[in-house]
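Dear colleague,

I am passing a structure on to you, with the sequence alongside. Please look it over first, and then read the notes that follow.

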Amino acid sequence: MMFRRVERMAACVSDMKAKKMSVKSLITLVLIGLMSIIDVVVTESVTRPRGVSLTNEPFYRDSQWFTCLDGSRQIFKSQVNDDYCDCMDSSDEPGTSACPQGKFHCNNRGFKPKYIPSSRVNDGICDCCDASDEYKGPGATQCSNNCRELGRADLERRQQEIILMNQGFDVRQEYIKQGIEKKAEREESLKKLREEKEVADQLKDEKERLKQEAESPEKEAKDAHKAVWDAQQAVLREERDKQRANEAFDELDADRNGLITPDELADHKEFDSDGDGEVSEEEAKVVLGGVDQVIKPTFTASVWAVIKDKYKSEKDQVTPEEPSPVPSPPEDVNEGDASEEDLDMGDHGDMNDEDEEDFADEDDEDEEFDDDLDEGELMEKYAKHRADYEKKKEVKGKGEDGEEMPEYDEATKKLIEVADAAREEFKEAEKQVNDLKKSIEDIEKLMNVDLGPQQEFEPLQKQCYEYTDREYTYKLCPFDKTSQRPKAGGSETQLGNWGQWEGPDENKYSKMKYTRGRNCWNGPDRSTLVILRCGLENKLVSASEPERCTYEFQFETPSLCTTKTDVETGEIDSHDEL
């Protein structure tokens with residue numbers, strides 16, 4: 001019988017060679033055949049109880065006695081598989097369903113051996129492909145041995161897996177090629193950008209020097225023009241102050257005798273220094289400089305300077321209409337809801353051109369710019385502050401009569417025009433430097449990511465993949481973030497930001513870790529572990545939440561197909577071709 005099996009196996013091998021099947025497949029079938037032959041030889045030479053594996057067969061060899069495998073008891077050999085459980089560990093009934101914890105061994109020649117619970121023996125259901133678990137009862141006639149068919153199907157399945165892994169390996173080689181090319185391209189771009197920035201920095205410095213040179217004569221001309229205007233306004237203010245002093249004297253000189261006495265101040269409650277409601281003679285004398293009377297020259301020269309901030313003329317004594325109360329903000333509007341235009345940016349007082357720098361410094365203290373704002377948002381905020389300054393400067397430029405400061409002369413206008421052009425050129429040069437700096441930072445950020453020892457994960461960068469279950473759509477953007485959004489619609493929740501590779505030392509690139517996701521209510525920040533395996537295409541195949549706020553993704557990618565089976569030799573190629 002054994003020789004007939006050998007002859008059939010040899011014929012099968014010849015047939016496989018004729019069909020040019022892979023050596024690995026050939027080896028697999030030969031091993032299966034040899035195992036079958038060995039099993040037959042052993043079976044024919046060794047009698048073992050039903051349900052016992054070859055490994056445990058030595059424990060059942062004694063012809064008279066059997067010792068329970070846990071060593072707790074010794075029984076007669078005839079009590080093995082007598083359909084009565086004698087051993088606590090159920091080892092005396094490997095081929096019956098008598099023991100609740102028993103295990104039945106399926107030999108399954110031609111396929112995979114396995115253990116099943118002994119409770120399934122003779123239950124009418126075929127659990128072993130060789131039908132050895134159904135040797136009496138209805139299952140004995142209904143079950144048939146289909147192990148060889150299952151073995152062939154399993155072999156075909158494994159062959160198909162090998163083909164797919166080989167295809168994935170080939171795709172990985174393309175990924176490596178792309179990754180190496182992309183890295184070289186980025187290095188070249190980075191080199192050029194740094195060279196361009198070096199030139200741009202020099203141009204910026206030159207434009208800044210020219211701007212400063214143009215602004216110096218502009219400032220001198222503007223300052224000279226304003227100095228004349230300020231002198232004119234000072235003369236006007238002085239004349240107005242004298243006029244007001246004369247008007248105040250005439251009003252206080254009630255008897256029109258050219259003198260002001262303490263009695264004539266009694267009706268001016270603003271001079272009531274002790275707050276008793278009356279202006280005493282002593283209080284009046286203090287206002288007049290300690291004398292009993294003053295003439296107009298004395299009043300306008302010394303007394304007026306002391307009392308002008310307190311003094312109220314008769315027209316000022318008229319009780320004004322009670323102002324309307326300031327309306328309160330609506331209850332449902334928070335202070336933080338007001339726009340920047342509605343908020344008081346702070347009173348900087350009257351400013352001249354020299355105050356501009358101080359105004360800018362004060363703004364820096366009043367409002368902190370968010371570090372997360374991009375360049376466009378920062379420029380927008382700066383423009384608003386500049387507009388606020390210009391508006392305040394317009395108010396400051398009004399004269400005593402409300403008239404505006406006269407226009408600059410043509411020479412000054414020309415200097416301003418030259419300075420404006422220099423400022424614009426500097427602004428453009430500065431913008432070019434900032435743009436180049438940002439481009440360099442973006443490329444450096446991409447290059448600082450670990451894309452594998454041979455850049456095989458580069459094609460995944462800047463890509464996103466989705467998986468949808470019954471409730472959510474999950475998204476994986478490798479080397480960026482993970483997220484989820486409700487399938488029915490709603491906002492996206494960030495489950496983590498790229499952290500690092502998390503695989504074991506021998507397989508570092510098999511797991512990705514994403515951390516610092518959105519905080520869970522009354523819990524930790526969300527995080528995601530992405531488990532990678534070899535696949536023919538990049539695909540997010542599953543997503544779950546094994547623990548609260550901790551997510552797990554399964555992702556297939558050719559980037560992880562690191563081995564290839566040689567069809568001709570059957571050898572495993574575990575190294576990359578590039």
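Helices (H or I, at least four residues) and strands (E, at least two) are taken here as DSSP runs, numbered from the N terminus. On that basis the secondary structure of the protein comes to 9 helices and 16 strands. This is a predicted model, in which local features need pLDDT of at least 70 and side-chain atom pairs count only at pLDDT 80 or more, while totals for chains, interfaces and linings use all residues. Residues are numbered from 1 along each chain as its sequence is written, and side-chain values use heavy atoms, with hydrogens and water left out.

Of the 578 residues in the protein, 33% are buried, where buried means under 20% relative accessible area, exposed over 50%, and partly exposed in between (1.4 Å probe, protein chains only). Taking a contact as heavy atoms within 4.5 Å, 48% of the contacts between residues at least 6 apart in sequence join residues at least 24 apart.

**Helices α4 and α9**

Helix α4 covers residues 147-252, and helix α9 covers residues 410-447. Their axes, which are lines fitted to C-alpha atoms over the stretch in contact, with angles running from 0 to 180 degrees between N-to-C directions, come within 7 Å and cross at roughly 160 degrees. That makes α4 roughly antiparallel to α9, given that angles under 35 degrees count as roughly parallel, over 145 as roughly antiparallel, 65 to 115 as roughly perpendicular and the rest as oblique. The crossing of α4 past α9 is left-handed, a term used if the near helix is turned anticlockwise from the far one by less than a right angle, with right-handed used if clockwise.

UniProt, in an unreviewed entry, lists "domain: EF-hand" for residues 240-275; its positions are given in the numbering used here, feature names are shortened, and annotations may be inferred rather than shown by experiment. In the model, the chain over residues 240-275 is 36% helix and 6% strand, with the end C-alpha atoms 31 Å apart.

**The sheet of 8 strands**

An open sheet of 8 strands has the order β7-β8-β9-β10-β11-β12-β14-β13, with mixed pairing, two strands being paired if DSSP finds at least two bridges between them. At the edges stand β7 (465-468) and β13 (539-547), each with a single partner strand, so one side of each is left without a neighbour in the sheet. Neighbouring strands of this sheet are turned against each other by 25 degrees on average, direction ignored.

Strand β7 pairs with β8 (residues 472-477) in the antiparallel sense over 4 bridges, and the two form a hairpin with 3 residues between them; within this pair, Thr468 stands opposite Thr473 in β8. Strands β9 (residues 481-486) and β10 (residues 493-501) run antiparallel and are joined by 4 bridges, and Gln484 stands opposite Thr493 in β10.

**Loop residues**

Val52 is found in the loop between α2 (23-45) and β1 (65-67), and at 4% relative accessibility it counts as buried. Not counting residues up to four places away in sequence, Val52 touches Glu57, Tyr60, Pro94 and His105. Val52 and Tyr115 are 63 residues apart in sequence and 9.7 Å apart in space, C-alpha to C-alpha.

Two further loop residues concern the backbone. Most residues other than glycine have a negative phi. Asn81, although not a glycine, has a positive phi of about 55 degrees; Asn81 lies in the loop between β2 (74-76) and β3 (103-106) and is partly exposed, with a relative accessible area of 24%. Ala131, likewise not a glycine, has a positive phi of about 65 degrees; Ala131 is placed in the loop between β4 (114-117) and α3 (139-142) and counts as buried at 13% relative accessibility.
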